[in-house]
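This report is intended for a reader meeting the structure for the first time. Please examine the sequence and the model shown below before reading on.

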Amino acid sequence: MTALNDMATLNEATLALIVRHAEQAYPKECCGFVYADGEVRACVNIQDDLKSIDPARYRRGATAGYTLSVADTLALNRSFETANPASVIYHSHPDVGAYFSQEDSDKALFLGTPVYPVDYLVIDVRRAKALEAKLFVWRNAGFFCARVFPIDQSYREAHARRRR
Ligand SMILES: [Zn+2]
(Lines give C-alpha, C1' and ligand atoms only; values in the text may rest on other atoms or scores of the structure.)
Protein backbone atom coordinates (compact mmCIF):
# COMPACT_ATOMS: atom_id res chain seq x y z
CA MET A 1 0.00 0.00 0.00
CA THR A 2 1.27 3.43 -0.86
CA ALA A 3 0.21 6.87 0.26
CA LEU A 4 -0.99 7.46 -3.28
CA ASN A 5 -3.42 4.53 -3.15
CA ASP A 6 -4.78 5.86 0.12
CA MET A 7 -6.15 8.93 -1.65
CA ALA A 8 -8.94 6.71 -3.03
CA THR A 9 -9.40 4.79 0.21
CA LEU A 10 -9.37 7.82 2.49
CA ASN A 11 -11.80 10.01 0.60
CA GLU A 12 -13.77 12.80 2.26
CA ALA A 13 -16.82 10.62 3.05
CA THR A 14 -14.63 7.90 4.54
CA LEU A 15 -12.80 10.38 6.73
CA ALA A 16 -16.08 11.93 7.87
CA LEU A 17 -17.28 8.52 9.12
CA ILE A 18 -14.01 7.95 10.95
CA VAL A 19 -14.15 11.42 12.51
CA ARG A 20 -17.67 10.78 13.75
CA HIS A 21 -16.63 7.42 15.22
CA ALA A 22 -13.65 9.02 16.97
CA GLU A 23 -15.75 11.85 18.41
CA GLN A 24 -18.51 9.52 19.63
CA ALA A 25 -15.99 7.18 21.28
CA TYR A 26 -14.35 10.03 23.22
CA PRO A 27 -12.93 9.94 25.90
CA LYS A 28 -12.10 6.39 24.81
CA GLU A 29 -10.09 5.43 21.75
CA CYS A 30 -12.05 4.28 18.75
CA CYS A 31 -10.67 1.72 16.32
CA GLY A 32 -11.58 0.30 12.96
CA PHE A 33 -10.34 -0.23 9.46
CA VAL A 34 -11.00 0.90 5.93
CA TYR A 35 -11.30 -1.43 2.98
CA ALA A 36 -9.53 -0.54 -0.27
CA ASP A 37 -12.82 0.69 -1.77
CA GLY A 38 -13.28 3.19 1.09
CA GLU A 39 -15.84 1.23 3.09
CA VAL A 40 -15.36 1.79 6.83
CA ARG A 41 -15.68 -0.97 9.42
CA ALA A 42 -16.10 0.71 12.81
CA CYS A 43 -14.74 -1.88 15.24
CA VAL A 44 -15.36 -2.60 18.92
CA ASN A 45 -12.51 -1.60 21.23
CA ILE A 46 -12.27 -4.35 23.87
CA GLN A 47 -9.35 -2.76 25.73
CA ASP A 48 -11.44 -2.13 28.88
CA ASP A 49 -12.55 -5.77 28.93
CA LEU A 50 -8.96 -6.95 28.63
CA LYS A 51 -7.86 -4.64 31.43
CA SER A 52 -10.60 -5.84 33.78
CA ILE A 53 -9.81 -9.50 33.06
CA ASP A 54 -6.01 -9.19 33.30
CA PRO A 55 -4.94 -5.81 34.73
CA ALA A 56 -1.33 -6.91 35.23
CA ARG A 57 -0.90 -7.59 31.53
CA TYR A 58 -3.20 -4.85 30.21
CA ARG A 59 -2.32 -1.72 32.16
CA ARG A 60 -4.04 0.59 29.68
CA GLY A 61 -7.79 0.90 29.44
CA ALA A 62 -9.72 2.14 26.42
CA THR A 63 -8.88 5.79 27.11
CA ALA A 64 -5.26 5.02 26.23
CA GLY A 65 -5.29 1.88 24.14
CA TYR A 66 -7.20 -0.19 21.67
CA THR A 67 -7.69 -3.82 20.74
CA LEU A 68 -10.10 -4.98 18.07
CA SER A 69 -12.76 -7.48 19.13
CA VAL A 70 -12.35 -11.09 18.03
CA ALA A 71 -15.07 -10.71 15.37
CA ASP A 72 -13.41 -7.56 14.02
CA THR A 73 -9.99 -9.20 13.99
CA LEU A 74 -11.42 -12.13 12.04
CA ALA A 75 -13.03 -9.76 9.54
CA LEU A 76 -9.74 -7.91 9.16
CA ASN A 77 -7.79 -11.12 8.56
CA ARG A 78 -10.35 -12.47 6.12
CA SER A 79 -10.31 -9.24 4.11
CA PHE A 80 -6.80 -10.02 2.91
CA GLU A 81 -8.10 -13.08 1.08
CA THR A 82 -10.58 -10.97 -0.89
CA ALA A 83 -10.40 -8.53 -3.79
CA ASN A 84 -11.23 -5.70 -1.37
CA PRO A 85 -8.70 -6.01 1.46
CA ALA A 86 -8.31 -3.68 4.40
CA SER A 87 -5.80 -0.99 3.52
CA VAL A 88 -5.91 1.33 6.53
CA ILE A 89 -6.33 0.56 10.25
CA TYR A 90 -7.41 3.59 12.28
CA HIS A 91 -7.67 4.54 15.93
CA SER A 92 -8.02 7.75 17.89
CA HIS A 93 -5.85 9.44 20.50
CA PRO A 94 -7.98 11.34 23.03
CA ASP A 95 -6.20 14.49 24.23
CA VAL A 96 -2.61 13.37 23.52
CA GLY A 97 -2.03 14.19 19.85
CA ALA A 98 -1.83 12.13 16.68
CA TYR A 99 1.58 10.56 17.03
CA PHE A 100 2.49 6.93 16.40
CA SER A 101 3.27 5.64 19.89
CA GLN A 102 5.59 2.84 20.90
CA GLU A 103 2.47 0.77 21.70
CA ASP A 104 1.11 1.49 18.22
CA SER A 105 4.36 0.35 16.67
CA ASP A 106 4.51 -2.78 18.85
CA LYS A 107 0.94 -3.65 17.85
CA ALA A 108 1.68 -3.18 14.15
CA LEU A 109 4.82 -5.31 14.12
CA PHE A 110 5.74 -8.91 14.76
CA LEU A 111 9.48 -9.53 15.13
CA GLY A 112 10.11 -6.19 13.47
CA THR A 113 7.96 -6.86 10.42
CA PRO A 114 4.50 -5.36 9.76
CA VAL A 115 1.73 -7.80 10.70
CA TYR A 116 -0.68 -6.44 8.08
CA PRO A 117 -0.10 -4.83 4.65
CA VAL A 118 -1.83 -1.62 5.75
CA ASP A 119 -1.17 1.98 6.65
CA TYR A 120 -2.23 3.40 10.01
CA LEU A 121 -4.41 6.44 10.56
CA VAL A 122 -4.34 8.14 13.97
CA ILE A 123 -7.00 10.74 14.80
CA ASP A 124 -6.20 13.55 17.22
CA VAL A 125 -9.32 14.16 19.34
CA ARG A 126 -9.42 16.98 21.90
CA ARG A 127 -12.46 17.39 24.14
CA ALA A 128 -14.56 15.23 21.80
CA LYS A 129 -13.57 17.18 18.66
CA ALA A 130 -11.30 15.68 16.03
CA LEU A 131 -8.63 18.18 14.98
CA GLU A 132 -6.56 16.23 12.50
CA ALA A 133 -5.70 12.75 11.34
CA LYS A 134 -2.22 11.55 10.43
CA LEU A 135 -1.41 8.66 8.14
CA PHE A 136 1.59 6.57 9.12
CA VAL A 137 3.24 4.29 6.60
CA TRP A 138 5.97 1.70 6.95
CA ARG A 139 9.13 2.75 5.16
CA ASN A 140 12.82 2.03 5.70
CA ALA A 141 12.11 -0.15 8.75
CA GLY A 142 10.03 2.47 10.55
CA PHE A 143 6.66 4.20 10.58
CA PHE A 144 6.60 7.79 9.45
CA CYS A 145 3.85 10.33 8.86
CA ALA A 146 3.09 10.43 5.14
CA ARG A 147 0.08 12.71 5.22
CA VAL A 148 -1.87 15.02 7.55
CA PHE A 149 -5.62 15.50 7.16
CA PRO A 150 -6.85 18.66 8.90
CA ILE A 151 -10.42 18.29 10.20
CA ASP A 152 -12.23 21.61 10.30
CA GLN A 153 -15.83 22.68 10.65
CA SER A 154 -16.38 23.21 6.91
CA TYR A 155 -15.42 19.59 6.42
CA ARG A 156 -18.16 18.43 8.82
CA GLU A 157 -20.71 20.70 7.18
CA ALA A 158 -19.85 19.35 3.72
CA HIS A 159 -20.50 15.85 5.00
CA ALA A 160 -23.81 16.85 6.64
CA ARG A 161 -25.02 18.46 3.40
CA ARG A 162 -24.32 15.33 1.41
CA ARG A 163 -26.26 13.18 3.84
CA ARG A 164 -29.45 15.24 3.57
ZN1 LIG B 1 -2.22 4.85 19.43
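## Strands 7 and 8

In this predicted model, Trp-138 stands opposite Phe-143 in strand 8. Strand 8 covers residues 142–150 and pairs with strand 7 in the antiparallel sense, over eight bridges. The two strands form a hairpin with two residues between them. Asn-140, which lies in the turn, has a positive phi of about 50 degrees.

## Strands 6 and 7

Strand 7 (residues 129–139) also pairs with strand 6 (residues 119–126), in the antiparallel sense and over seven bridges. Two positions illustrate this pairing: Val-125 stands opposite Ala-130 in strand 7, and Tyr-120 has Phe-136 of strand 7 as its bridge partner. Strand 6 and strand 7 form a hairpin, again with two residues between them. Here the turn contains Arg-127, whose phi is positive at about 45 degrees.

Strand 6 is mostly covered, for seven of its eight residues are buried. Strand 6 also pairs with strand 3, in the parallel sense and over seven bridges. Within that pairing, His-93 stands opposite Asp-124 of strand 6.

In what order do the six strands of the open sheet lie? The order is 2-1-3-6-7-8, and the pairing is mixed. Strand 2 and strand 8 stand at the edges with a single partner strand each, so one side of each has no neighbour in the sheet. From one strand to the next, the twist averages 25 degrees.

Strands of a sheet pair through backbone hydrogen bonds, in either a parallel or an antiparallel sense. The pairing of strand 3 with strand 6 is parallel, whereas strand 1 and strand 3 pair in the antiparallel sense over five bridges. Helix 4 lies across strand 1, strand 2 and strand 3, and runs at about 150 degrees to strand 2.

The largest nonpolar core has 33 residues. Those that touch the most other members are Val-19, Ala-22, Phe-33, Val-88, Tyr-90, Leu-121 and Ile-123. At least two residues of this core come from each of helix 2 (12–25), strand 1 (31–35), strand 2 (40–43), strand 3 (86–94), strand 6 and strand 7. Helix 2 gives the most to this core, with six residues.

Which residues of helix 2 are buried? They are Thr-14, Leu-15, Ala-16, Ile-18, Val-19, His-21, Ala-22 and Ala-25. An α-helix has 3.6 residues a turn, so residues three or four places apart point the same way. Ala-22 is in contact with Cys-30, Ser-92, Ile-123, Val-125 and Ala-130, leaving aside its neighbours within four places in sequence. The length of helix 2 agrees with expectation, because its 14 residues should span 20 Å at 1.5 Å a residue and its end C-alpha atoms are 20 Å apart.

## A buried glycine in a loop

Gly-65 is found in the loop between helix 3 (47–53) and helix 4 (70–79). Is this residue buried or exposed? Gly-65 is buried, because 22 other C-beta atoms lie within 10 Å, and a residue counts as buried at 20 or more.

Leaving aside neighbours within four places in sequence, Gly-65 is in contact with Glu-29, Gln-47, Arg-60 and Glu-103. The C-alpha atom of Gly-65 is separated by 9.4 Å from that of Ile-46, which is 19 residues apart from Gly-65 along the chain.

## The chain overall

The protein chain has six helices and eight strands. Along the sequence, these follow the pattern α-α-β-β-α-α-β-α-β-β-β-β-β-α.

Of the 164 residues of the protein chain, 33% count as buried. Among contacts between residues at least 6 apart in sequence, 60% join residues at least 24 apart.

Conventions
Residues numbered from 1 in each chain as written. Predicted model: local features only at pLDDT ≥ 70, side-chain atom pairs only at ≥ 80, totals over all residues. Pairing = 2+ DSSP bridges. Helix = DSSP H or I, 4+ residues; strand = E, 2+ residues; numbered from the N terminus. Core = buried A, V, L, I, M, F, W, Y, C linked by C-beta atoms within 7 Å. Buried ≥ 20, exposed ≤ 12 C-beta atoms within 10 Å, placed from the backbone. Contact = placed C-beta atoms within 7 Å. Expected span 1.5 Å × (residues − 1). Axes fitted to C-alpha atoms, helices over the stretch in contact; angles between N-to-C directions.
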